[in-house]
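Me: I'm new to this one. Could you walk me through how to read a few of its features?

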Amino acid sequence: MTDHPRRVARALLSVSDKTGLIDFARALAARGIDLVSTGGTSKAIAAAGLKVRDVSDLTGFPEMMDGRVKTLHPNVHGGLLAIRDNAEHARAMAEHGIAPIDLLVVNLYPFEATVDKGASEDDCIENIDIGGPAMIRAAAKNHGDVAVVVEPSDYQAVLDELAAHDGATTLGLRKRLAAKAYARTAAYDAAISNWFAAQLKIDAPDFRAFGGRLIQALRYGENPHQHAAFYRAPEKRPGVATARQLQGKELSYNNINDTDAAFEAVAEFDPARSAACVIVKHANPCGVAEGADLAAAYRKALACDSTSAYGGIIAFNRTLDADAANAVAGIFTEVIIAPDATDEAIAIIAKRKNLRLLLAGGLPDPRAAGLTAKTVAGGLLVQSRDAAVVDAMTLRTVTDRAPTEAELNDMRFAFRVAKHVKSNTIVYAKDLATVGIGAGQMSRVDSARIAARKAEDAARELKLAAPMTKGSVVASDAFFPFADGLLVAIEAGATAVIQPGGSMRDDEVIEAANAHGIAMVFTGTRHFKH
């Protein structure tokens, strides 16, 4: 492909997002570039006093079928696809009266935004762009001759090139714009195909695609030698991707991952019922608590494992207030995320310039449907989000002793937390606060031991007479395969257990619980998290 500038004599503009359109069109017109446009874009340009030709002047056909048919014509696509240095293409253009189009400016019908606002099925379908993607793909394919722009943020780059190269664009810019154009249409089609799959309730469509818009290129990934970037998906779920960062340095890959884990966990706790705080380190909660207010919840969460909390992520389920802001000032923290914050709290956090403060604008719904995905070698694993919540589960008492009301409250609390801890998971809880968390171990008994040991460490640090696991409840994200893990929890002082059940040795585990006077309930729902 010849690497030389291509002069822009004609531009076709057809945009749904009119941001910066008039200034861009005016700058093109000032260079003597012939402007061709469609529908509302043409009207906006003409209303600004600029000369513009309607696309029907090129095609010889009016827009029809409510605008569904206007650019799907050889005079448009020939003008985009013709290779300028190809003699046969040039003869065909001359024979059929096809004029070259050197610059295409198209942003697509707002399908994603239409779905996001809960529009009807008919409205969503009407916002599926056909002519736009066809033109974009044609121009991008012929990037040796044609520049294609798919969003207003690239207007200035085009104008700079035209100024630097006497009204022409370079191959380098055209290639970059083409790559972006194909990525945009791919993300657009992915959003449409996933919407159709959801409408039809197809859990495993024959083809699955995901797309996203770059939020930021990251300094590095999990480790400094890895490249990374952060993308926004079409789903508008409150969280780190939608949050407004008020201060602090740029988020890292690990910060984003941990902040997401913290905010998803704290969303399990209804802010109308109580204040809640989750402290996360390396994607695992190291302290979770409910309290009368955010500051109280934070202090209870911190007491679980203050060592691990150092350099962690703090998530709140209510508007961050001054008392909570002052409370977190006592320990080094990477990120605070909350639905909102008071002006006073913002001013307090502002004194710690390296602390990132994110305001998400709301809480994600733990019951909402959605998809999660992860890559494996040569493939993609996709599943529905774990939208099971303990409040909707029927808790079945399987032991001689039924749990007390206080134990039941703590059991529900502990099971909410267990959902967000990496498997194998054991969570000890007392008075609506975690008092020991064991995460990600190869055996459940090891998780039980680690959680108990952490409670002992916390007791020494807090100068308590006994670990807080004494009189606690314990939650397991999956069934106990043997009684050994349960016996460790009993030895640590647990008086009640909540677990899914379903082991071949459930009878053995229940017998061990009865022998020690322990109450046990089955949820029937597993919460593995890998």
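Reply: Let's start with E112 and R184, whose side chains meet in a salt bridge at 3.0 Å, N to O. E112 sits in helix α6 (residues 111–116) and R184 in helix α10 (residues 171–199), so the pair ties together parts 72 residues apart in sequence. This is a predicted model: local features need pLDDT of at least 70, side-chain atom pairs count only at pLDDT 80 or more, and totals for chains, interfaces and linings use all residues. Residues are numbered from 1 along each chain as its sequence is written, and side-chain values use heavy atoms, with hydrogens and water left out.

Me: What counts as a salt bridge, and what does the count come to by this rule?

Reply: You need a side-chain nitrogen of Lys or Arg within 4 Å of a carboxyl oxygen of Asp or Glu. By this rule the count comes to 23.

Me: Is E112 buried or exposed?

Reply: Buried means under 20% relative accessible area, exposed over 50%, and partly exposed in between (1.4 Å probe, protein chains only). E112 has 19%, so it's buried, while R184, with 25%, is partly exposed.

Me: Which salt bridge does R460 form?

Reply: R460 pairs with D457, the closest N and O atoms being 2.3 Å apart. Helices here are DSSP runs (H or I, at least four residues), numbered from the N terminus. Both residues lie in helix α17 (residues 444–462), three residues apart, about one turn of the helix. R460 is exposed at 57%, and D457 is partly exposed at 30%.

Me: Which residues are joined into one network?

Reply: Salt bridges that share partners link E151, D154, K180 and R213.

Conventions:
Helices (H or I, at least four residues) and strands (E, at least two) are DSSP runs, numbered from the N terminus.
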